[in-house]
Amino acid sequence: MKHLAILGSTGSIGQSTLSIVEQFPERYSVVALAAGRNVDEAFAQAVRWRPRVVSLATEELAAQLAARLRQAGITGIELVHGTEGTIVCATLPQANFVVSAIVGVAGLAATHAAILAGKPIGLANKECMVAAGEILTAAARQHNVPILPIDSEHNAVHQCLRVGAHNEVKFIWLTASGGPFRQLPLDQFVGITPEQALKHPTWVMGRRITIDSATMLNKGLEVIEACRLFDVAPSQVRVTIHPQSTVHSLVEFVDGSILAQISVTDMRLPILYALAHPERPASNLTFDLAALKHLEFEQPDFDRFPCLRLAFEAAEKGGTHCIALNAADEIAVAAFLERRIPFTGIPRTIEKVLAATPEAHPTTIAEVLAADREARERARVHLT
Ligand code: MG
């Protein structure tokens, strides 16, 4: 039986994870939920799952939830808050698997704490790997903790890698949908509105990741994530635009064989894979082979998607440049959504911040968070 601590329980990955628990009650239970800011959803989840601990973003929100649970006559749930609260969830003695799905570096401290506590991780938070991958993977090796990727591409790669040895891998091919602007004339990019950018052709996701898909910065973060998770150089990671999002990624081996992972575009599948690994439980997620009739793969255009180029450059430098890439993008995307900068201002901001970022390799989470704050400050200064 796996007893789950779900960090980011009210987000889309958190909710999909809970739907897996619902389907497999004999395999999974919920012992801790880190819920963020949505008190209504946190209340509903606490009532349904009766975890031992629930964490909310702030003390005030935790007090609101406490009052609602009292009114409903529900006792026995410990309420915690803030970063400390997420760490309490992540290191709860009763938890023996942690789903890391808090968006952004807010999930970093808890993910690191879970690894140090020896808890296997289902990782949906790519920013953690981008900002602190060197530290997290070293800690995971030291504590013999598996990190199972939930990000669909890395989950696909993880599956493909099971058939070959590390030194037999030639390239990891990450597929990208190419987003909604794959064919838009380049001179129209400056006029792209938040509404247009928020319409993703194949996946339904959160707001930042949807914009990051449109700029392909998301794929850039995934390149860095792949380097860290699978211990390969950036030159061994390639991106291919595959608008159908049917092949979730591929691994090319040195003998010329290429393995692909194909399945329905539904995050429940990678979540189930991560939770159940190394087993494969039967699920009702089926794929119609007829959908393989039209599969396209094309080279990404770095002029159209400068964020992808910036990400490869940051991947080569590592350390603070990867931290700054992620931090500057988050600030720039927020500014774009508030209509303060155009779509093309997103890569411009990131490029400026990267140019101003000194190269360094933080060795502690505190140093990572300090570099993250500095990069955000640089991005804000650049925006004003
Ligand atoms: Mg992905």
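This is a predicted model: local features need pLDDT of at least 70, side-chain atom pairs count only at pLDDT 80 or more; totals for chains, interfaces and linings use all residues.
# Domains, helices and salt bridges

Student: Does N144 count as buried or exposed?
Tutor: The cut-off for exposed is over 50% relative accessible area. N144 has 69% relative accessibility, so it counts as exposed.

Student: What is the relative accessibility of D231?
Tutor: D231 also has a positive phi, near 55°, and is not a glycine. It is found in the loop between α10 (217-230) and β9 (237-241). D231 counts as exposed because its relative accessibility is 52%.

Student: What are the bounds of domain 2, and how far apart are the centres of domain 1 and domain 2?
Tutor: The domain assignment gives domain 1 as 2-149. Domain 2 comes in two pieces, 154-264 + 296-318. Taken over C-alpha atoms, the centres of domain 1 and domain 2 are separated by 27 Å.

Student: How much area is buried between domain 1 and domain 2?
Tutor: Eleven residues of domain 1 are in contact with 14 residues of domain 2. Carbon and sulfur atoms give 62% of the area buried between the two domains, and that area is about 1200 Å².

Student: Which residues of domain 1 lose the most area to domain 2?
Tutor: Three residues together make up 54% of what the domain 1 side buries. They are K126, V130 and P149.

Student: How many salt bridges lie between domain 1 and domain 2?
Tutor: Seven residue pairs are in polar contact across this interface, both partners being at pLDDT 80 or more. R228 and E134 form a salt bridge, with their closest N and O atoms 3.3 Å apart. Between domain 1 and domain 2 the salt bridge count is three.

Student: Which element gives the most to the side of domain 1 that touches domain 2?
Tutor: Two elements, α6 (126-142) and β7 (147-149), each supply at least two residues of that side. Its residues divide into six nonpolar, two polar and three charged. With seven residues, the element that gives the most is α6.

Student: In which elements do K126 and D151 sit, and how many residues apart are they?
Tutor: K126 and D151 form a salt bridge, with their closest N and O atoms 3.2 Å apart. K126 is in helix α6, and D151 is in the loop between β7 and α7 (152-161). The pair links distant parts of the chain, its members being 25 residues apart.

Student: Which residues is E222 in contact with, leaving aside its neighbours within four places in sequence?
Tutor: E222 is found in helix α10. It counts as buried because its relative accessibility is 1%. K126 and D151 are both buried as well. Sequence neighbours aside, E222 is in contact with K126, D151, E153, H154 and L174.

Student: And which residues is V223 in contact with, neighbours within four places left aside?
Tutor: V223 is found in helix α10. It is buried, with a relative accessible area of 0%. With those neighbours left aside, its contacts are L174, V237, V239 and F312.

Student: Why is helix α11 largely enclosed by the rest of the structure?
Tutor: Helix α11 covers residues 268-276, nine in number. It is largely enclosed because eight of them are buried. These are L269, P270, I271, L272, Y273, A274, L275 and A276.

Student: What is omega for the peptide bond from H277 to P278?
Tutor: P278 lies in the loop between α11 and α12 (306-317). Most peptide bonds are trans. The bond from H277 to P278 is cis, with omega near 10°.

Student: By about how much are D212 and R208 separated in helix α9?
Tutor: The side chains of D212 and R208 meet in a salt bridge at 3.1 Å, N to O. D212 is buried, with a relative accessible area of 2%, and R208 counts as buried at 12%. They are four residues apart in the helix, so their separation is about one helical turn.

Key:
Residues are numbered from 1 along each chain as its sequence is written. Side-chain values use heavy atoms; hydrogens and water are left out. Domain bounds come from an automatic or database domain assignment. Contact means heavy atoms within 4.5 Å. Buried area is the accessible area (1.4 Å probe) that two parts lose on being put together, summed over both. A salt bridge is a side-chain nitrogen of Lys or Arg within 4 Å of a carboxyl oxygen of Asp or Glu. A polar contact is a pair of N or O atoms within 3.5 Å; within protein, one must be able to donate a hydrogen and the other to accept it, and residues adjacent in sequence count only if both atoms are side-chain atoms. Ala, Val, Leu, Ile, Met, Phe, Trp, Tyr, Cys and Pro count as nonpolar, Asp, Glu, Lys and Arg as charged, and the others, Gly among them, as polar. Buried means under 20% relative accessible area, exposed over 50%, partly exposed in between (1.4 Å probe, protein chains only).
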